[in-house]
Amino acid sequence: MQTEVRGVVARAKGEPVSLETIVIPEPSLGEVVVQVQACGVCHTDLHYREGGINDEFPFLLGHEAAGIVDAVGPDVTSVAQGDFVVLNWRAVCGECRACRRGRPWFCFATHNATQKMTLLDGTALTPALGIGAFAEKTLVAAGQCTPVDRRARPEAVGLLGCGVMAGLGAAMFTGEVGPGDSVAVFGCGGVGCAAIAGAGLAGATKVIAVDLDDGKLDLARSFGATHVVHAGTEDPVDAIRALTNGHGADVCIEAVGHPAVMEQAFYARDLAGTLVQVGVPTPDMRIDLPMIDFFGRGGQLKPSWYGDCLPSRDFPMLVDLYLQGRLDLDRFVSETIGLGDVEEAFHRMERGEVLRSVVRMPQ
Ligand SMILES: NC(=O)c1ccc[n+]([C@@H]2O[C@H](COP(=O)([O-])OP(=O)(O)OC[C@H]3O[C@@H](n4cnc5c(N)ncnc54)[C@H](O)[C@@H]3O)[C@@H](O)[C@H]2O)c1
Ligand SMILES: [Zn+2]
Ligand SMILES: [Zn+2]
């Protein structure tokens, strides 16, 4: 039986979001309905409502979520009603050329629900990142649900569904940070702070945080940065070299999405060092580097999508670290808000006042 719930919808480019009644179909083959408990507000939701992703309005926003499985399709065996799950946007297909070569974290054909959620008049909704979790319930593919330890707090572990996982994975998986490495992280928002935490978990002994905002640098320290650099008052490349015996960092992580910052991260690396690009550029941005510097410095330049994570492998592991007190996911939750407060939360995010506002559903 289909159900009607409330959800946050972006109807047209640039217009404030609205709370609407939406219709969730009964789950069919390979599908699951999840009762959402918490969902973080991410920049990507704002990009959707500004028309920056595509034109497939209306969008059902929200994608960093945790909840309880409400109903499963007839063939679903990977999760069952009552499971506590974190939602993900990398439900690997197992069949594409990346999956067949044993690299499922690059899967090129990830799964989403096949049926559409709709408005009351039947208009099909496009769920953000195939999730759409600013809603009391949502319809996803079974592979988008990763069961985790139910003792975890939904507001905190739901954030693994996107930005926090992207930052952790940029350090742990894409950057392959290891014991004794020096790491520099440019940009200390939710993604950058997660990269700082990930570098610490992976054994980095020097973690240098770079930002333009003193408050963000304080947060960076609380996530484990050993040194901070204010990019407005000192040159980050010089400062990072000075902190690493003149050499530069083993791994530099760009978590802003800006060509000038990418260039700083490129030159702040030690020889044979790794540059990880996790900040998302806009289509007009370009990089222009002397080819001799690319060649002459060696090492690796690596873009990182979703931290090269494999949700089924990584979410349970990270939730265990959280429950053991070794990964402070609660610190990313700047505030909890209601479903009707998302528009206001976008403005706080734009003003740089929060790491994450998290919608908490009334239970
Ligand atoms: N690759 C992925 O899979 C993925 C996933 C989620 C988010 N992202 C991207 O990661 C980036 C960061 O996301 P966020 O949520 O942390 O954003 P945010 O806006 O919260 O943080 C960005 C930080 O960068 C700082 N900053 C801005 N200009 C700077 C400069 N010139 N030098 C140093 N610091 C500077 C800001 O003060 C802020 O603290 C965004 O581009 C976002 O789209 C990527
Ligand atoms: Zn695949
Ligand atoms: Zn996101």
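I count two residues as in contact if their C-beta atoms, placed from the backbone, lie within 7 Å.

Housekeeping: residues run from 1 along each chain as its sequence is written, and chains are lettered from A and ligands numbered from 1 in the order written. As the model is predicted, local features need pLDDT of at least 70 and side-chain atom pairs pLDDT 80 or more, while totals for chains, interfaces and linings use all residues.

Next I looked at the overall build. I found eleven helices and 18 strands, taken as DSSP runs numbered from the N terminus (helices H or I, at least four residues; strands E, at least two). The C-alpha atoms fill a box of roughly 65 × 40 × 40 Å along the principal axes.

Then I turned to burial. Buried residues make up 51% of the 363; buried is 20 or more other C-beta atoms within 10 Å of a residue's own, exposed 12 or fewer, partly exposed in between, with C-beta atoms placed from the backbone.

On to α11, residues 342-350, where V342, A345, F346 and M349 are buried. Down the helix axis they fall within an arc of 110° and so line one face; the arc is that of the directions from the axis to the C-beta atoms. On the face turned away from them I noted exposed H347 and E350. The cover over the buried residues includes β1 (3-10), α1 (43-49), β17 (333-337) and β18 (356-360). After α11 comes G352, with a positive phi near 70°.
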